[in-house]
Amino acid sequence: MIAQSYEECIQACLECMEACNTCYDACLKEEDLAMMADCIRLDRECADICAFAAKSMQSGSPFAKQICQLCAEICEACGNECKKHDHDHCQRCAEACFRCAEECRKMAA
């Protein structure tokens, strides 16, 4: 059974992963792709680390805290990049990233 303390963090990671995947897909449809390049790159990276962090917590990895710490850093970077863009998908992604970063920091503490 998954430890109770992990549940909120796992949920935040999965929600962030979904927001990043949605943002990634929407960014690819924007007119100025060059302007969105950093956002797209960070969306991919963030979605991947969120999935990995959730899996590490679900499987009881002894490295879960370190993975969550790295996840928090990447989420923060992605959130800061998304926040720069006015698109709704970017703003929603930024919120999910900051929420996930906060939960991952709690896990890593």
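Author: Happy to! Let's start with Asp43, which lies in helix α2, residues 33–58; helices here are DSSP runs of H or I with at least four residues, strands are E runs of at least two, and both are numbered from the N terminus. Please keep in mind that this is a predicted model, where local features need pLDDT of at least 70, side-chain atom pairs count only at pLDDT 80 or more, and totals for chains, interfaces and linings use all residues. Residues are numbered from 1 along each chain as its sequence is written, and side-chain values use heavy atoms, with hydrogens and water left out.

Is Asp43 buried or exposed? Asp43 is buried, where buried means under 20% relative accessible area, exposed over 50%, and partly exposed in between, using a 1.4 Å probe and protein chains only. Even so, Asp43 has no salt bridge, a term for a side-chain nitrogen of Lys or Arg within 4 Å of a carboxyl oxygen of Asp or Glu. The nearest side chain of opposite charge belongs to Arg44, 7.4 Å away; Lys and Arg count as positive, Asp and Glu as negative, while His and the chain ends are not counted.

Which residues does Asp43 touch, not counting those up to four places away in sequence? They are Cys20, Cys23, Tyr24, Cys27, Cys78, Cys82 and Cys93, with contact meaning heavy atoms within 4.5 Å.

Two of those partners lead us to His89. Not counting residues up to four places away in sequence, His89 touches Cys23 and Cys27, along with Ala26 and Glu30. His89 is found in helix α4, residues 88–108, and counts as buried because its relative accessibility is 10%.

Helix α4 also holds Cys100. This cysteine is buried, with a relative accessible area of 0%. Leaving aside neighbours within four places in sequence, Cys100 is in contact with Ala12, Cys13, Cys16, Cys50, Cys71 and Cys75. The C-alpha atoms of Cys100 and Ala51 are separated by 12 Å, and these two residues are 49 apart along the chain.

Now let's step back to the whole. The protein has 4 helices and 0 strands, running α-α-α-α from the N terminus on. Its C-alpha atoms fill a box of roughly 45 × 20 × 20 Å along the principal axes. Buried residues make up 44% of the 109 residues. Of the contacts with a separation of 6 or more, 68% come from residues 24 or more positions apart.
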